[in-house]
Amino acid sequence: MMNVQTTDIKSDYFSTYSRNNRVVAWTLRFIHNISNATKIKGSLGYEEFKGAEVLVFKSLQSNAFQDERLLAKMQAFKDEDGLLRIRTKFADSYEKEDFKFPIPLPASDVVVKLILEEHVKAMHAGSSILLARLREKFWIIRAKRLVKRVLSECVICKRYKAKHVEVPSLLRCLELLRQRYLK
Ligand SMILES: [Zn+2]
C-alpha cells in the first residue's frame, strides 16, 4: 500500500487555502482508490476535507517544530490524529477543547492563506477580531505580524479604505461649491 509522507505535501503550490486542501483531499482519495478494493466515489466529503487539513497541518508542524526543548516549553502533545497541540493555562477550564489545546502552526505561506480565508469568512474583520477567531483553534507563531500582513494586502479592505478617504474630499468639494454659488 502506498504511504503519503507529510513532508511530500507542498501546500504552497496552490492558490487558496481551501483549494489547497481540496487538492490534497483528491490526492488522498486517489491513493485510497488505487490501494483498496472498496472505491470511494462522488464529491469530497467532510471527513476527507478534514483528513486533508490534518495532513497539511502535520506537514507544517513536522517541518517547523523539531526543537524538543521548545515542544516541552509549549507543553506540546500529539492528539489522536497525530497532530501537535499545546496545553494552555485554560486546560482545566470549561472552554472548548480546541481553545484549551490549540494547534501550533508556524508562520508560513499556507498559514497566511488560512488567515486570509478566515478574514474573508469573518466579513473582513479587523485585527483583534481576527486574532481572537484564530485563537479559538490555533496557536500561530507571529500571528499579529501575519494578520497585519493579510489586512494590508486584502484588496477588498484596501478598496473600502480608499473610498473612505475619498469621502471627506468629496464633502470638501461640495462645501466649496456651496460657498461659491449659494451665497
Ligand atoms: Zn479584507
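**Figure 1. Order of the elements in the predicted model.** From the N terminus on, the elements of the protein follow the order α-α-α-β-β-α-β-α-α-β-α-α. The protein has 8 helices and 4 strands; these are DSSP runs numbered from the N terminus, with helices (H or I) of at least four residues and strands (E) of at least two. Residue numbers start from 1 along each chain as its sequence is written. The model is predicted: local features need pLDDT of at least 70 and side-chain atom pairs count only at pLDDT 80 or more, while totals for chains, interfaces and linings use all residues. Of the 183 residues of the protein, 20% count as buried. A residue is buried if 20 or more other C-beta atoms lie within 10 Å of its own, exposed if 12 or fewer do, and partly exposed in between, with C-beta atoms placed from the backbone.

Figure 2. Helix α7 spans residues 143-153, and its buried residues are Leu-146, Val-147 and Val-150. Viewed down the axis of α7, these residues fall within an arc of 100°, so they line one face of the helix; the arc is that of the directions from the helix axis to the C-beta atoms. On the other side of α7, the residues Lys-144, Arg-145, Lys-148 and Ser-152 are exposed. The buried residues of α7 pack against α5 (109-121), α6 (127-135) and β4 (138-140).

**Figure 3. The packing of helices α6 and α7.** The axes of α6 and α7 are 10 Å apart, and the two helices pack at an angle of about 125°. That makes α6 oblique to α7, a class for angles that are not under 35 degrees (roughly parallel), over 145 (roughly antiparallel) or 65 to 115 (roughly perpendicular). Axes are lines fitted to C-alpha atoms, for helices over the stretch in contact, and angles run from 0 to 180 degrees between N-to-C directions. In α6, Ser-127, Leu-130, Leu-131 and Leu-134 meet Ala-143, Lys-144, Val-147, Lys-148 and Leu-151 of α7; two residues are in contact if their C-beta atoms, placed from the backbone, lie within 7 Å. The residues of this contact divide into 6 nonpolar, 1 polar and 2 charged. Ala, Val, Leu, Ile, Met, Phe, Trp, Tyr, Cys and Pro count as nonpolar, Asp, Glu, Lys and Arg as charged, and the others, Gly among them, as polar.

**Figure 4. The surroundings of Lys-58.** Lys-58 lies in helix α2, which covers residues 46-64. Lys-58 counts as partly exposed because it has 19 C-beta neighbours inside 10 Å. Lys-58 and Asp-81 are 23 residues apart in sequence, and their C-alpha atoms are 9.2 Å apart in space.
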